[in-house]
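Open the model in your viewer and keep the selection tool at hand. This tour says what to pick next and what you will find there.

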Amino acid sequence: MHETSAAPAPAAQHHGPPTTFISKHVFSLDHKVIGLQYYGLALVAVFVGMVLSWLMRIHLGWTNAAIPGLQAISPNGAPGGVITPEYYLQLMTMHATLMVFFVLTTAPFAAFGNYFLPIQVGAEDMPFPHFNMMSFWTTLTAFCVLISAFFVSDGPPLSGWTAYAPLSAIGKVAGPGEGMGQVIWATAIGIFCIGQLLGALNFISTVLDMRCKGMTLSRLPITAWAWFITSCMGLTAFAVLMPACILLILDHVAGTSFFIPSGLVINDQLLPHSGGSTLLWQHLFWFFGHPEVYIAIVPGMGIVTHVLVTNMRRPMLSTKALLYSMWALAFLSYMVYGHHMFVSGMNPFSSLVFSFPTLMITIPSTIVVLLWIGSLYGSKLRINSASLFALGFVSMFVSGGVSGFFLAQPSLDIMLHATYFVVGHFHMVMGVAAMFGIFSGTYFWFPKMTGRMMNETLGKTHFWLTFVGTYCIFMPFHYLGMAGNVRRYASFTDDYLQRLIPLHQFITIAALFTGSVQLIFFYNLIYSRFRGPQASANPWEGTSLEWIMPSPPPWNNFGGKDPIVYHDADQYGVRTSTGADYIMQNSPESAVVVRDGD
Amino acid sequence: MQMKHAVIAGLVMLGASALAVAGPSGGTVTGKVTYEGTPAKMKPIDMSKEPSCAKMYATPQLVETVVTGAGNSLENVVVYVSAGAPDEAAPSTAATFTQKGCRYIPHLLAFQVNQELKIINDDQTSHNIHPLPKLNREWNKSQPPGTPPISEKYDKAEFIPVKCNVHPWMHGTFAVLKNSHFAVTADGGSFSLANLPPGKYTITAWHESYGDQSQDVTISGTESKTVNFVFKAKPY
Amino acid sequence: MAKLLAVTIIVIAILSAIPVVMNTWKAPADISTHGHLIDNQMSDTMVEAGVSFLAAQILLAIFIWQFSSPRTDGKVKTFPGGAKGLVIAAIVLVGVEVLALGAFGSKAWAQVYFTPPGVDAMPIQVQAGQFAFYFRYPGPDGKFGPLHPEMINEGNQNLFGLDPEHDVDSRDDIVTAEMAIPVNKEIHLLMHAKDVSHSFYVPALRIHQDFVPGLDLSLHFTATQIGKYEIVCSQLCGLGHYNMRAYLEVMSPQDFDDWQKKQAAAQ
Amino acid sequence: MATTLPPPKPDVGRPPERLEAGHNGNGGFGNLVPADGNLRALQEYSPPPSSSAIWVGIAAISMSFAAFTSALIVRQGSSTDWRHITLPSVLYLSTLLLILSSVTLEIARRRVAAFMSGQETRADVPKRWLYATLSLGVLFMVGQYLAWLQLRSQGLYLATNPNSSFFYLFTALHALHVLGGLAGLVRVTRKFGLSTLRRSTLNATSYYWHFMGVLWLYLFFLLWMKI
């Protein structure tokens, strides 16, 4: 009743229009700018990570090769340009950490999610723009902290991105980088968790509270669902990783013994710790670690579906089935983390207990794949860079997925655990597939984000070389693994590994090639940003709400008035009065469906 | 006491400088380091983990924590002037420490504060040099085959255990000393410290397993004194 | 463009399958009594995974080929049976497949981990430390001396921290850097970690188990082929991880006794 | 088999009050309006309220402390060095204070509601209760600090033994979260003064504060049981 008595108030706004350059591009509250900032961060991180992987690959192919100029960068790490074993492990740790946290988590989830989730639910912004801004700047801080590990005396940690205790907990006696470097690492990851928790909080409440009129849950585009599911996973996963990092830091700086058992001897010295549990870290870490894999891939699934549906000009066979499968994946991902620890000294019985839900995961995954393939049937597939990468994603997801059959079984894990088979598996299903999702999303949404089209020729070239190149890199990993090639080796001195070295050299060449191909993409991004042809509001004839606004969108998305939604985002393959084969979500008109009209 | 030492030190310094001008003369301290009792049996080293090294030896190498010679003589003992002699600037020559066949050559390397230490890897495998100092700065570097020598310095006098993290059996010692009056006993256990200006010195003998012993000796003119050390050997 | 993609996918799928079918890069041949279970399980899984892999890729390629060409009629068709058929197929086929895999796989696993070592199994202690394995045989008295971590001194090769001065049991313990075992004799391996986590991986033996600091685990196995094999560490343990290995010598009982005598003399 | 689209349903979707929230300016779920009925000029732009966010946050925090709990249990199970330590008695007092603060906050909320519906005319009545809650919260923090001093005087430091590690860890982290709650209360009090307080803000803050109480009871019980 008091509203009536209230003076007419201005329309709800999250924040006024940005006035200064700073408020517009730097400390912006606008979810779109924040999304782009995340995307930029991911670009930087992926470039660094890629260069690191090059160094690693060169070392693995030609162990005693001197890399010109490297000594200048790291005198201790590469005396005379030859990478030392510890430097290799440090490169590996940083490569993995950068890629998993700052690329696979930020790009498909934080970057695209920030930009398009509020738009797709028809909101002006997220409910907590300040949290959103903090989320990015916290993540950026985490990134800087992590990179600073390169500049401390002993360099970054060498314990891998899994940072298994006690190697990661006992300090510098464990090896170069395990002192300061490891503390920096744990701090960076802790900070990163805070950033992602803030993000997830915003994402979830955006979907729950900010949907515009008519945008029922059942009408959410699949991408919005993907980001929602991902943020639910992120919320729980990162909330567990942060405590783990806190405990790890305490073991380092406060002399506690959470992860350090009694009676450890290094350099003939008995360590002053006692009673800690080694497996505790592994449990905490993998409880985060496995969902993290799905945090990386589920947004990709959403993006790819979104792109495919738009370019197939037909809806998925069943968006619901797809949705339930993604929920199933998310849910199962918490029950299976133990499959990372089959031979870690867990009770062998629990290994079996963990193996069945792990095998079960293949069911929703198969459903998703079959839905993608089945939906292709009878579609009117449009081939462009975006759809090419989407199709590449499906192919990669299959290739990476089938190796899950093996790793889900404890008995086979005896042969394959910690071999290149595992490396091949997660690089394909989580690394490359997710990257393909990112590429697909970039080619698809670039017009919306910048108001200019990307160069298709460059885009397609980029796809072909990348698609073939990545297969050349990661398929052989599986063969190496089946031959018993252990991962995380700085060089291969064991007799039974000698005959595998040529294969490693092949992979190295493929990696150098595929990596340099990405320069085409970087060039295309920059060139098209400034020189690309103007993009219309809806270049791909999509139905979801991002396409009803001009490209690029104004600061307040829908110009101050919320849209009203009448359909789900699947209205393709129809015939409207205007003869179009799709209906925008906000268009009130109904249409005759002509799917299988004949 | 302190006072006295200081005065002596001062005098010695004067004398030393004078003599330095006069040329290389002065007293000599010679002697022999022996042990009594039964030293522990030196275990053989199994290098099978590193075939490139293992194949260099017909019979397994023995550990070098206690190396004995004929007549109960004790090797790898540093005998040095621990008091009485002035600190000296480091010589320009580098002390070389070689890794060959997964052994340290020499097992015990004595050199001066701030003297250049040159570490060479002669093997086909990658080594790791990890000295464990208490006073000096700790570092831990790997040295892949074919990479340039590592050059380091220590700015405090200390006995530093050295190990290779990759090959657990590789153990050695750096003896970082304040002055040039030192010797490391070789086969026969005998040593000789020459060119000692007149003065009162404390001669110390240090062994990595048996600890150290000291004796005072006063040198006048160019006489030659004999100082012997006897360490107690433990069977385990 | 799309047709090219279809072809590429099929070519890649087939090329990827070839090395597996030809078994170009073999794992070391199995020399254990339980290994064949794992190998069979491996090949069964390979068949099922391979079939699903090829099927999915080829189907994908076919549809891309077939439906990418722009068609004049504005109609899109739906996959016969719609989603229901596919979903049911996925649940039933894959469900049965993975259940079967899981069930058979469990047998192999149980064989390795659920059976106790025989009473006459020969005890050997292995200690993993940065970056080498060392092995301890109880010697004639059949008893392992107690460990005193604070006494470990690699310089004089007291690698386990034994105190022969006070522990009688330790005096005849045999410590070696390579693992010699008699052929066709069950070995009961007692695993102890000196510093950080390591792993005991013998591809030829189809044995793989992490060392857990603060928690001594044990394994048991029987080798059936005389020869020299490699034991490697597969759990990242520091800068020398790549170089952490030991040799496993499977000997005839006679040779093994001689070897043990030789080692005992050398201690 | 041609399927036909469902006819457009423009009216489904948001609950009506969400719609108002979108259109009545700053007043998601109704602003606090003084008895005289004149809404003061809005101080700031702010987004429409999100009522679920607070529960999401609470879920995240619970998850973290669940992780810490499992750490505690595993650590105790694995360890040989677990000695019983007696909890500082001051904790019982601070626990009481925290529970009291929840009660006062509830009263404050009632009063605010009454004030908004005009049954309560004096603005300082709700304010007083808010201040009471604030001060109780501060007192609780002091109590925690005293507990630390007490432990330190027994020579129990962070690294002394696992129990003390967990004690300091839990109390510190909980205190950190309580600080957040205090900040929220301050904000609420301020906004109340400016009469730009939104009911959803008040609710969120009080839910969070009650959760802090529950969380503390849980941790206290855990420490009391395990340590």
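The stops below go from chain contacts to helix pairs and then to sheets.

**Stop 1: the chains together**

Start with all chains shown, and keep in mind that this is a predicted model. Which chains share the most contacts? Of the 4 pairs of chains in contact, it is A and C.

Chain B and chain D have no contact, and their closest C-alpha atoms are 24 Å apart. Chain C and chain D do not touch either. Their nearest C-alpha atoms lie 9 Å apart.

**Stop 2: where A meets C**

Select chains A and C. Chain A gives 96 residues to this contact, and chain C gives 89 residues. On chain A, colour the elements that give two or more residues to the side touching chain C. They are helix 5 (85-120), strand 1 (265-266), helix 9 (278-312), helix 11 (348-360), helix 12 (362-376), helix 13 (385-407), helix 14 (410-416) and helix 16 (456-482) of chain A. Which of them gives the largest share? Helix 12 of chain A does, with 10 residues. Colour this side of chain A by class next: 57 residues are nonpolar, 26 polar and 13 charged.

**Stop 3**

**Stop 3: a helix pair in chain A**

Select helix 6 (residues 129-148) and helix 7 (residues 180-209) of chain A. Their axes come within 8 Å and cross at roughly 165 degrees. That angle makes helix 6 of chain A roughly antiparallel to helix 7 of chain A. The crossing of helix 6 and helix 7 of chain A is left-handed.

Show side chains where the two helices meet. From helix 6 of chain A, pick residues including Phe131(A), Met134(A), Thr138(A), Ala142(A) and Val145(A). From helix 7 of chain A, the contact includes Trp185(A), Ala188(A), Ile191(A), Gly195(A) and Leu198(A). What classes make up this contact of helix 6 with helix 7 of chain A? There are 13 nonpolar and 10 polar residues, and no charged ones.

**Stop 4: a helix pair in chain D**

Move to chain D. Select helix 4 (residues 124-153) and helix 5 (residues 162-194) of chain D. Their axes come within 10 Å and cross at roughly 160 degrees. Helix 4 and helix 5 of chain D are therefore roughly antiparallel to each other. Their crossing is left-handed.

On helix 4 of chain D, the residues in contact include Lys127(D), Leu130(D), Leu134(D), Met141(D) and Leu151(D). On helix 5 of chain D, they include Phe167(D), Ala175(D), Val178(D), Leu185(D) and Phe192(D). By class, this contact of helix 4 with helix 5 of chain D has 16 nonpolar, 7 polar and 1 charged residues.

**Stop 5: the five-strand sheet of chain B**

Go to chain B and show it as a cartoon. Find the open sheet of 5 strands in the order 7-13-12-9-10, with mixed pairing. Strand 7 (108-112) and strand 10 of chain B each have a single partner strand, so they stand at the edges, with one side of each left without a neighbour in the sheet. From one strand to the next, the twist averages 25 degrees.

Zoom in on strand 10 of chain B again. Strand 9 (residues 127-131) of chain B runs antiparallel to strand 10, joined by 3 bridges. Pick Ile129(B): Lys141(B) in strand 10 of chain B stands opposite.

**Stop 6: the four-strand sheet of chain B**

Stay in chain B. Another open sheet has 4 strands in the order 6-5-8-11, also with mixed pairing. Which strands stand at its edges? Strand 6 (103-105) and strand 11 (150-152) of chain B do. Neighbouring strands in this sheet are turned by 20 degrees on average, direction ignored.

Select strand 8 (residues 117-121) and strand 11 of chain B: they pair in the antiparallel sense over 3 bridges. Here Leu117(B) stands opposite Glu152(B) in strand 11 of chain B.

**Last stop: confidence in chain B**

Colour chain B by pLDDT. The mean is 87, and 89% of the residues of chain B reach 70 or more. Then select residues 11-23 of chain B, where pLDDT stays under 50. Where pLDDT is low, the predicted coordinates should not be read in detail.

Definitions and conventions
Residues numbered from 1 in each chain as written. Chains lettered and ligands numbered in written order. Predicted model: local features only at pLDDT ≥ 70, side-chain atom pairs only at ≥ 80, totals over all residues. Contact = placed C-beta atoms within 7 Å. Nonpolar A, V, L, I, M, F, W, Y, C, P; charged D, E, K, R; others polar. Axes fitted to C-alpha atoms, helices over the stretch in contact; angles between N-to-C directions. Parallel < 35°, antiparallel > 145°, perpendicular 65-115°, else oblique. Left-handed = near helix turned anticlockwise from the far one by under 90°. Pairing = 2+ DSSP bridges. pLDDT = per-residue confidence, 0-100.
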